[in-house]
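Have the structure open as you read.

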Amino acid sequence: MADLILHHYPNSPFSEKVRLVLGYKGLAWKSVHIPVIMPKPDVVALTGGYRRTPFLQVGADIYCDSALICDFLDSLAPQPALYPQAAGAQARMLAQWADSTLFWTAVPYTMQPAGLAHIFAGMPPEGVKAFAADRAAFRGNALRLSLPELTGHLRVYLDWIEGMFADGRPFVTGSVPSVADFAIYHAIWFVRRAPPVANILDPCPRLAEWFTRMQAFGHGTSEPLESGTAIGIAHAATPAPATAPLADVHGLSPGDRVVVMPIDTGIDPVEGELVISAPNEIAIRRIDERAGELVVHFPRTGFQMKKADKEGRA
Ligand SMILES: N[C@@H](CCC(=O)N[C@@H](CS)C(=O)NCC(=O)O)C(=O)O
C-alpha cells in the first residue's frame, strides 16, 4: 500500500488525536506540515476546497475529518482496535460529543487572554491578528460563549470525565482504549498546552493519570515530507477502486456531480463526481491540475451533500 501521509500542523488538537492513534497502532507515516491559516494552495489542490486540519493522503485518496481517518486506520490496522467490541456504540457516541461539545468548550476556554498569550508567545501582533480573523471566518455564525460560561461548562464536563474513572477503569469505556479516549484526549491536550489556564484540570487526578497513560502511546514513526512532493505522489497514483455498498438517501447515483461540505465550521464546498455513498462515508472523484485524478472521502455525519448545479455549485 502507498505511504500514509498526514497533512497537519503541530498545534492542531484534531491532528494530535490522529497522531496518537498512529502511535497506538504502531504505524509509520509521512508528515506534511500545512499552513495554520488560509491561504492553503497545496491543501486545496488535494482536497478540492476542504481547508480543515488534519487530512490523510494515501496515494490519490484523500481522507477528510479525523472521525473518518480513525475508521480508515482501524480497517487498515485492526489491532489494537479503536472500536473494541466491549465498548459498543458508546465509544463512537462519546467521541462525537468530545469532538464537538467538549472541543468547542475546551478550545475557546484555553484561548482566553492568559492562554492566548502563552500559546502565541513570540508571535508578532499582526500574526495573532491574522489568526483571529481567519478563525472568525472559519467559525462563521457559531455561538460564542463568554469566559464564565466556558469555564462553568468545562468544569461540568471535566467532572463527568473524572467520574468515569471512579470504578477504577483505566480507559474511558473500559479496560482498553477506544476512539472515545483519543477524542477526549486532544481537547485535554490543548488545555494543558496553556499552563496559565490549565489549573482547571487540578481537581481531576484520575484524568491526569489517564492522560499520562494515553500520552505514552506516542506518535508512531514519522518522516517529514514537502507538500509539493505529496502532490506529486498523488499525481503518480490511481485512486483505490470504490467497493463500499451504495446507501443513497439523496436520490443521487454514482457518477452524479455533487458538492460536499462540512455542516459546522470551515464550510467550503468540494465539487466532484459521486463514487461512494455508503452508510458512513461519501466520496467524490475530482481532477486537479497539479494533483491529477483524486478521490476525496468524507464521513457521512458532520457533512452535507447536494447535487451540483451546471456551474458546479451546491
Ligand atoms: N471534525 C473535524 C474538525 C477539524 C478541525 O476543526 N480542525 C481545526 C484544527 S484542530 C481546523 O481545521 N482549524 C482551521 C484550520 O486548520 O485551517 C475533524 O474531526 O477533523
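Let's start with a pair of helices: the axes of α4 and helix α8 (residues 179-192) come within 8 Å and cross at roughly 5°. Because of that angle, α4 is roughly parallel to α8. What you're looking at is a predicted model, in which local features need pLDDT of at least 70 and side-chain atom pairs count only at pLDDT 80 or more, while totals for chains, interfaces and linings use all residues. Residues are numbered from 1 along each chain as its sequence is written.

**A few terms first**

- Helices (H or I, at least four residues) and strands (E, at least two) are DSSP runs, numbered from the N terminus.
- Axes are lines fitted to C-alpha atoms, for helices over the stretch in contact, and angles run from 0 to 180 degrees between N-to-C directions.
- Angles under 35 degrees count as roughly parallel, over 145 as roughly antiparallel, 65 to 115 as roughly perpendicular, and the rest as oblique.

**α4 and its two partners**

- On the α4 side, the contact with α8 is made by A91, R92, L94, A95, A98, D99, L102, F103, A106, V107 and T110 (two residues are in contact if their C-beta atoms, placed from the backbone, lie within 7 Å).
- On the α8 side, you'll find V179, A180, A183, I184, A187, F190 and V191.
- Sorted by class, this α4–α8 contact has 15 nonpolar, one polar and two charged residues (Ala, Val, Leu, Ile, Met, Phe, Trp, Tyr, Cys and Pro count as nonpolar, Asp, Glu, Lys and Arg as charged, and the others, Gly among them, as polar).
- Helix α4 (residues 90-110) also packs with helix α7 (residues 147-164), at an angle of about 130° and with the axes 9 Å apart.
- That's why α4 and α7 are oblique to each other.
- In this second pairing, L102, T105, A106, P108 and Y109 in α4 meet L150, T151, H153, L154 and Y157 in α7.
- The α4–α7 contact splits into seven nonpolar, three polar and no charged residues.

**α1 and α3 side by side**

- Helix α1 (residues 13-24) and helix α3 (residues 66-76) pack at an angle of about 10°, and their axes are 10 Å apart.
- So α1 is roughly parallel to α3.
- F14, K17, V18 and V21 of α1 touch S66, I69, C70 and L73 of α3.
- This contact of α1 with α3 holds six nonpolar residues, one polar and one charged.

**Around the ligand**

- How many residues surround the ligand? There are 14, and the closest are S12, F14, R52, T53 and S66 (a residue is near a molecule or strand if its C-beta atom, placed from the backbone, lies within 6 Å of it).
- The elements giving two or more residues to this shell are α1 and α3.
- The shell around the ligand has four nonpolar, six polar and four charged residues.

**Two domains**

- The chain is divided into domain 1 (5-79 + 222-307) and domain 2 (85-215), with bounds that come from an automatic or database domain assignment.
- The C-alpha centres of domain 1 and domain 2 lie 24 Å apart.
- Their contact takes 15 residues from domain 1 and 20 residues from domain 2.
- α1 gives the most to the side of domain 1 that touches domain 2, namely seven residues.
- That side of domain 1 has eleven nonpolar, two polar and two charged residues.

- M38 and P39 are joined by a cis peptide bond, with omega about 5°, and P39 is found in the loop between β2 (28-33) and α2 (41-47).
- Another cis peptide bond joins T53 and P54, with omega about 0°, and P54 belongs to the loop between α2 and β3 (55-58).
- D65 has a phi near 80°, a positive value in a residue other than glycine, and D65 is in the loop between β4 (61-64) and α3.
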